[in-house]
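Subject: Handover of a structure and notes on it

Dear colleague,

Please find the structure below, followed by an account of what was found in it. I would be grateful if you could read the two side by side.

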Amino acid sequence: MNKNKINKSRIFYMIRALLFSYILTIIILLVLSLLVYKTDVSSGVIRIGIILSYILSTFFGGFVIGKGIGEKKYLWGMGVGILYFILILIVSIILNKSNFTGSASILTVFAMCTLGGTLGGMLS
């Protein structure tokens, strides 16, 4: 295979893993919003659900790309986690201009996304 074809397949696997991650996030958040609507859950449960959505989504995204690429899986999983975080951050900044959270929570979410993707890639 030539180098151009390899790069295109890597981009394809990255896009596929990110799409999988975001679809999983949407599903988890829809289930969480249904729980909020139907029951009287506390804000702590909502926070745990959001944290789990970050970790599970990046974990399975890392797993998907690790299975697809097959080499340096943990680095590709880490890449999925970082790109996932960057896109979430951009959307959050655009939608919440006046109510953006502090840098400590940003670093925590970055760490969760990166570690979730890395672990998924390692275990693929």
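Buried residues make up 28% of the 124 residues in the protein chain, where buried means under 20% relative accessible area, exposed over 50% and partly exposed in between, for a 1.4 Å probe and protein chains only. The model is a predicted one, in which local features need pLDDT of at least 70, side-chain atom pairs count only at pLDDT 80 or more, and totals for chains, interfaces and linings use all residues. Residues are numbered from 1 along each chain as its sequence is written, and side-chain values use heavy atoms, with hydrogens and water left out.

Overall layout

The protein chain has four helices and zero strands; helices are DSSP runs of H or I with at least four residues, strands are runs of E with at least two, and both are numbered from the N terminus. The order of elements from the N terminus is α-α-α-α. Along its principal axes, the C-alpha trace spans about 55 × 30 × 20 Å. Of the contacts between residues at least 6 apart in sequence, 80% join residues at least 24 apart, a contact being heavy atoms within 4.5 Å.

Helix 1 and its partners

Helix 1 (residues 3–38) packs against helix 2 (residues 43–69) at an angle of about 155°, and their axes are 8 Å apart. The axes are lines fitted to C-alpha atoms, for helices over the stretch in contact, and the angles run from 0 to 180 degrees between N-to-C directions. Helix 1 is therefore roughly antiparallel to helix 2; angles under 35 degrees count as roughly parallel, over 145 as roughly antiparallel, 65 to 115 as roughly perpendicular and the rest as oblique. The contact of helix 1 with helix 2 has 17 nonpolar, eight polar and two charged residues. In this classification Ala, Val, Leu, Ile, Met, Phe, Trp, Tyr, Cys and Pro are nonpolar, Asp, Glu, Lys and Arg are charged, and the others, Gly among them, are polar.

With helix 3, helix 1 makes an angle of about 55°, the axes being 10 Å apart, so the two helices are oblique to each other. The residues of this contact divide into 10 nonpolar, three polar and one charged. On the helix 1 side they include Arg10, Met14 and Leu18, and on the helix 3 side they include Trp76, Val80 and Tyr84.

The nonpolar core

The largest nonpolar core has 14 residues, of which Leu18, Tyr54, Ile65, Val80, Tyr84, Val109 and Cys113 touch the most other members. Such a core is a set of buried Ala, Val, Leu, Ile, Met, Phe, Trp, Tyr and Cys residues joined through side-chain atoms within 4.5 Å. Helix 1, helix 2, helix 3 (73–95) and helix 4 (103–123) each give two or more residues to this core. Not counting residues up to four places away in sequence, Tyr84 touches Leu18, Ser21, Tyr22, Thr25, Ser53, Tyr54, Ser57, Thr58 and Cys113.

Two individual residues

Arg10 lies in helix 1 and is partly exposed, with a relative accessible area of 24%. Leaving aside residues up to four places away in sequence, Arg10 touches Ile69, Glu71 and Trp76. Lys72 is found in the loop between helix 2 and helix 3. Although Lys72 is not a glycine, it has a positive phi of about 45°. Lys72 is exposed, with a relative accessible area of 58%.

Yours sincerely
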